[in-house]
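Subject: Structure handover

Hello,

Here is the structure you will be working with. Please open it first and keep it on screen while you read the notes below.

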Amino acid sequence: MPRPPRKIAGHPVMITGAASGIGRSLAQRLSRLGSPVAIADVDATGLAETASSLSGPVLSRVLDVSDAADQLRFADEVRAWLPAPLAAVFNNAGVTTASTVADAVPEDDSWLFSINFWGVVNGTRAFLPILKEQGSGVIVNTSSVYGLLGMPHQSAYCASKFAVRGFTDALRQELLGTGVGAVTVHPGGIRTNIVRNARIRHDPEGRGRTHEEIAAQFEAITLTTPDKAAEIIQHGVERGKSRILVGPDAYVFDALARIAPTHYFTVMSKLGARLRARQDKVVSPK
Ligand SMILES: NC(=O)c1ccc[n+]([C@@H]2O[C@H](COP(=O)([O-])OP(=O)(O)OC[C@H]3O[C@@H](n4cnc5c(N)ncnc54)[C@H](O)[C@@H]3O)[C@@H](O)[C@H]2O)c1
């Protein structure tokens with residue numbers, strides 16, 4: 001059952017991963033709608049660009065989300081800066097890798113997990129006391145469609161995003177009756193820098209593609225811009241959703257998870273083959 005609507009536009013928010021992609025678009029959108037924004041990212045240059053693109057109040061902080069102590073210090077700074085109750089905490093920062101399970105580099109998997117999962121846990125633990133004291137606000141944790149279905153060459157990423165989903169679902173139940181909410185976001189393919197910023201040692205499909213080529217192919221099949229993703233996320237939170245699907249492909253993943261929970265990849269491969277056949281006809285219609 002949907003929860004009561006939660007207005008976030010015009011109210012203070014905190015966003016990690018705000019130097020690029022979905023996080024930057026969320027900061028720009030909510031700032032434009034009157035929200036004071038506290039933004040954080042490990043990329044100082046990108047974060048400064050985001051901050052300078054905002055016209056409203058902004059607290060900007062270079063921060064590695066995997067550092068629990070620094071997240072606590074940042075939460076103290078945000079608490080002191082807040083001009084009004086904190087409406088939303090977006091634990092959005094994330095990274096990816098691409099590798100078979102057999103070839104995975106443990107150091108890369110740990111790097112990914114420290115950001116995608118522990119970064120979300122650290123941000124939740126640091127900012128939750130502020131929301132609980134207020135008796136209002138919402139923790140918005142970014143999972144993925146890869147937190148709905150496991151996909152080849154994305155084992156660590158999928159595991160981290162399933163973990164975010166489980167963590168946030170558990171948190172939501174603990175928060176019942178407190179006035180504080182917990183929301184999971186499941187984006188489909190969004191045209192951002194995520195694959196360019198990925199750790200990819202070699203083409204996991206063994207086709208010899210460069211990192212640049214893999215990133216370009218990813219961007220070519222994305223269906224949603226980061227600005228559109230920010231709009232969907234804002235509206236989803238404000239409608240009181242507990243789970244927000246972002247983009248048409250996210251709805252396909254969600255449906256497959258329900259109707260073909262073990263055979264989804266076969267179905268996807270068949271759909272993909274048909275789409276490729278149609279594309280080929282367009283190129284040479286004989
Ligand atoms: N783009 C997609 O298709 C897609 C799909 C599903 C989920 N997501 C998720 O959306 C979120 C945003 O990703 P995006 O697509 O905008 O990618 P992006 O690469 O454009 O932005 C991610 C941001 O996170 C920051 N970041 C990385 N490590 C960090 C750290 N240790 N501490 C602080 N900041 C750090 C990066 O510097 C970057 O600014 C991620 O959690 C990602 O997993 C993206």
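Asn116 is part of helix 4, which covers residues 106–116. Please keep in mind that this is a predicted model. Is Asn116 buried or exposed? Its relative accessibility is 1%, and the cut-off for buried is under 20%, so Asn116 counts as buried. Two polar contacts of its side chain can be listed. With the backbone nitrogen of Val95, the side chain of Asn116 makes a contact at 2.9 Å. With the side chain of Ser160, the polar contact is 3.3 Å.

Next, the strands. Strand 1 runs over residues 13–16, and both of its faces are covered. In a regular strand, side chains alternate between the two faces of the sheet. Here Val13 and Ile15 are on one side, Met14 and Thr16 are on the other, and all of them are buried.

Which way does strand 1 run relative to strand 2? The two are parallel, and four bridges join strand 1 to strand 2, residues 37–41. Within this pair, Thr16 stands opposite Ala40 of strand 2. Between strand 1 and strand 2 the chain passes through helix 1, residues 21–32, and this β-α-β crossover is right-handed.

Strand 1 also pairs with strand 4, residues 88–91. This pairing is parallel as well and has three bridges. Ile15 of strand 1 has Phe90 of strand 4 opposite it.

Last, the ligand. How many residues surround the ligand? There are 30, and the closest are Ser20, Asp41, Asn92, Tyr157 and Thr192.

- Ser20: a polar side-chain atom lies 2.6 Å from a ligand oxygen.
- Asp41: a polar side-chain atom lies 2.6 Å from a ligand oxygen.
- Asn92: a polar backbone atom is 2.8 Å from a ligand oxygen.

On its own, the ligand has 820 Å² of accessible area, and the protein covers 95% of that. Helix 1 and helix 6 (155–174) are the elements that give two or more residues to the shell around the ligand. Sorted by class, this shell has 13 nonpolar, 13 polar and four charged residues.

Regards

Definitions and conventions. Residues are numbered from 1 along each chain as its sequence is written. This is a predicted model: local features need pLDDT of at least 70, side-chain atom pairs count only at pLDDT 80 or more; totals for chains, interfaces and linings use all residues. Side-chain values use heavy atoms; hydrogens and water are left out. Buried means under 20% relative accessible area, exposed over 50%, partly exposed in between (1.4 Å probe, protein chains only). Two strands pair if DSSP finds at least two bridges between them. A crossover is right-handed if, with the strands pointing away from the viewer, the path from the first strand over the helix to the second runs clockwise. A residue is near a molecule or strand if one of its heavy atoms lies within 4 Å of it. A polar contact is a pair of N or O atoms within 3.5 Å; within protein, one must be able to donate a hydrogen and the other to accept it, and residues adjacent in sequence count only if both atoms are side-chain atoms. Accessible areas come from the Shrake-Rupley method with a 1.4 Å probe; for residues, only the protein chains shown count as cover. Ala, Val, Leu, Ile, Met, Phe, Trp, Tyr, Cys and Pro count as nonpolar, Asp, Glu, Lys and Arg as charged, and the others, Gly among them, as polar.
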